[in-house]
Amino acid sequence: MIAVVFSGSRYADWRLAEKGRVLFGFRMTGINPYIQDERFIYQLLNKNTHLINNAERIRRIYFFGAGASSKERQEKIERVFKKFFKNARVKASHDILASAQSTFGNEKGIIGIVGSGSNAAYYNGKRVIGNNYGLGYILADEASTNWQARQILRDFLTESMPQGFREKFLQKHNIDRKIILDKTYNTPNPNIFLTSFADFILDNRDDPYMEGIIRRGLEKYVKTYLIPLSEHYPDAIFNFTGSVADAYSDWLRQIAEDHHLVVDKIIHEPVQDLVKYYLNKN
């Protein structure tokens, strides 16, 4: 049996597969080695009955996650997984490689992620070529849910949010200045707090205020990530994964087209295509 895991900070999508077919598919709390320690990750694994019941059967694990960009953090995932899955060989990689493999397979192109965070890179058909992007929710993540939430929370706190939208926001989220600042600056995982506004943002995408923020984020993302990559790889096409890329695919395609970028696939969750990719290798 193999396990394929694609994890953001908020959710981790799992697929357990054997003999060419998926046996179990489920979602659990996200695993991020940048913000979680090994004990916390182990406890997460030990709360899921699918994992407990199949731990000894699993022989290979392919983990892809936000925060797993460095060798040190990849080894952290591999250590804790090997402790839980005693018979398994574990390979941990960055989420952008998963997105590339799920959309391009063995073909070349530029892969973008726009979900709870954002990133982009060139994929040569085997590996992702390193760059200086992926700076996280404090320094970057343009267009992501984290970025969108920061804009509306800032406008809420500075009272520059339109009054009608402010009332709608408070009806959905019973928060105030103290709660926002405490959850942003005094909790271990503030990015989880920021992504909690994703459903509200999507539900209000047609509100002029919210549409303006979403479009502005996508424009920043295209100019910051995609145009520089297109200048280095002028013939490359673009594929995307992620909740934001999928939910606002019409706007993303339009903005990319305005900048003469060719967009092919946009998918929400890469795990389905990813598990097919690895079933073919086992």
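F81 is buried, at 0% relative accessibility (buried means under 20% relative accessible area, exposed over 50%, partly exposed in between, with a 1.4 Å probe and protein chains only). The model is predicted: local features need pLDDT of at least 70, side-chain atom pairs count only at pLDDT 80 or more, and totals for chains, interfaces and linings use all residues. Residues are numbered from 1 along each chain as its sequence is written, and side-chain values use heavy atoms, with hydrogens and water left out.

F81 sits in helix 3 (residues 71–84). Helices (H or I, at least four residues) and strands (E, at least two) are DSSP runs, numbered from the N terminus. Leaving aside residues up to four places away in sequence, F81 touches W14, I31, I41, L45, I61, F63 and V90; contact means heavy atoms within 4.5 Å. K47 is 34 residues from F81 in sequence and 14 Å away in space, C-alpha to C-alpha.

Ring pairs also place F81 in a cluster with W14, F26, Y42, F63, F84 and F85. Rings of Phe, Tyr and Trp (its six-membered ring) pair if their centres lie within 6.5 Å; planes under 30 degrees apart count as stacked, over 60 as edge-to-face and the rest as tilted. The whole structure holds 23 aromatic pairs. Two of them are listed here.

| Pair | Centre to centre | Angle between planes | Geometry |
|---|---|---|---|
| F193 and F197 | 5.2 Å | 80 degrees | edge-to-face |
| Y277 and Y278 | 5.0 Å | 75 degrees | edge-to-face |

F193 is buried at 11% relative accessible area, and F197 is buried at 1%. Y277 and Y278 are both buried.

Charges also sit over rings (NZ of Lys or CZ of Arg within 6 Å of the ring centre and within 35 degrees of the ring normal). K83 lies over the face of Y42, 4.7 Å from the ring centre. R205 lies over the face of W251, at 4.2 Å.

Two strands pair if DSSP finds at least two bridges between them. Strand 6 (residues 109–114) and strand 7 (residues 118–123) run antiparallel, joined by 6 bridges. G109 has Y123 of strand 7 as its bridge partner.
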